[in-house]
Amino acid sequence: MHSGFDNENGKPSSLVYLLDTDKKTAQWASYDHVLIDWNKAFLETDHKTEQKLNKNTISSKYNTLFNRSADAPLKELEGPKIETLRDTIIGDSRTIELCITPQRAVNRLDIFTESIHLEKVKINQIELSPYYLKDRRTSKLVTHYITDNAYTELEMTIPKNSVLELTFNEASNNLLNHPLFTVPERPKTSIPMPFVLNDAIITTKTIKFE
């Protein structure tokens, strides 16, 4: 049976590496429903993707979720440096200001938080719309596309008795050529799956303010 995929009409495929810097665990993951030999080599022991892997959906055009995952070896990769610049309470509000600085070459930072009431949020001195904060339907707060490894400033004002949990997903688009990995090039009969974060190395880190 002819697959319909050839050098001019490649089958889309995907592979990412996810490192939880808090738990010191790593996984391979793919959005593919049907693997090809190229990514099957990393997902031979694949299991049903746990819901928590898709808890913080990485921003994509169609909010595509991971379908396959498998345990991966730990790599010596650093997550971002997160510094608390300010943590003050005035009246009934608490303002927390953070500086998030990459410790490796990265392309983007996705910040997630649970659905608590956010009174005000600024990213690099730009205030997010109150309407966006009120109607936010996912845990994703913002995506910062990074150039020249620039830091990200995050300022959040919340009710003083709230518990704030933030998750930072930092991604680089260099899985196929990073010196710590030996992922081969795709076969000519396959292309990178479009509209998703693909061929990426992703680190995740969570912090909580109580």
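## Burial of Tyr17

A residue is termed buried when its relative accessible area is under 20%. In this predicted model, Tyr17 has a relative accessibility of 0%, so Tyr17 counts as buried. Phe181 is likewise buried, with a relative accessible area of 8%.

## Aromatic pairs

Rings of Phe, Tyr and Trp pair if their centres lie within 6.5 Å, and planes over 60 degrees apart make the pair edge-to-face. The count under this rule is five aromatic pairs. One of them joins Tyr17 and Trp28 in an edge-to-face arrangement, with 5.4 Å from centre to centre and 70 degrees between the planes. Because Tyr17 belongs to strand E2 (residues 16-20) and Trp28 to strand E3 (residues 25-30), this pair ties together parts that are 11 residues apart in sequence. Tyr17 and Trp28 are both buried.

Tyr17 also pairs with Phe181: the ring centres are 4.8 Å apart and the planes stand at 70 degrees, so this pair is edge-to-face. Since Tyr17 lies in strand E2 and Phe181 in the loop between strand E13 (164-172) and strand E14 (190-192), the pair ties together parts that are 164 residues apart in sequence. Through ring pairs, Tyr17, Trp28, Phe42 and Phe181 are linked into a cluster. Over the face of Phe181 lies Lys75, at 5.3 Å from the ring centre.

## Nonpolar cores

The largest nonpolar core contains 22 residues, and Leu98, Val121, Leu141, Leu154, Leu166 and Phe168 have the most contacts inside it. Two or more residues of this core come from each of strand E7 (93-101), strand E8 (108-113), strand E9 (120-123), strand E11 (140-145), strand E12 (152-159), E13 and strand E15 (200-209). When neighbours within four places in sequence are left aside, the contacts of Phe168 include Ile82, Leu98, Ile100, Leu109, Leu154 and Ile207.

Another core, of 18 residues, lies apart from the largest one; among its residues are Leu19, Leu43, Leu77 and Phe181.

## A polar contact at Thr95

Thr95 is located in strand E7. With a relative accessibility of 13%, Thr95 counts as buried. Its side chain makes a polar contact of 3.1 Å with the side chain of Thr157. Apart from neighbours within four places in sequence, Thr95 is in contact with Arg86, Asp87, Thr88, Glu155, Met156 and Thr157.

Definitions and conventions:
Residues numbered from 1 in each chain as written. Predicted model: local features only at pLDDT ≥ 70, side-chain atom pairs only at ≥ 80, totals over all residues. Heavy atoms only, no water. Phe/Tyr/Trp six-rings, centres within 6.5 Å; stacked < 30°, edge-to-face > 60°. Helix = DSSP H or I, 4+ residues; strand = E, 2+ residues; numbered from the N terminus. Buried < 20%, exposed > 50% of the residue type's maximum accessible area, 1.4 Å probe, protein only. Lys NZ or Arg CZ within 6 Å of the ring centre and 35° of its normal. Core = buried A, V, L, I, M, F, W, Y, C linked by side-chain atoms within 4.5 Å. Contact = heavy atoms within 4.5 Å. Polar contact = N/O pair within 3.5 Å; in protein donor to acceptor, adjacent residues only side chain to side chain.
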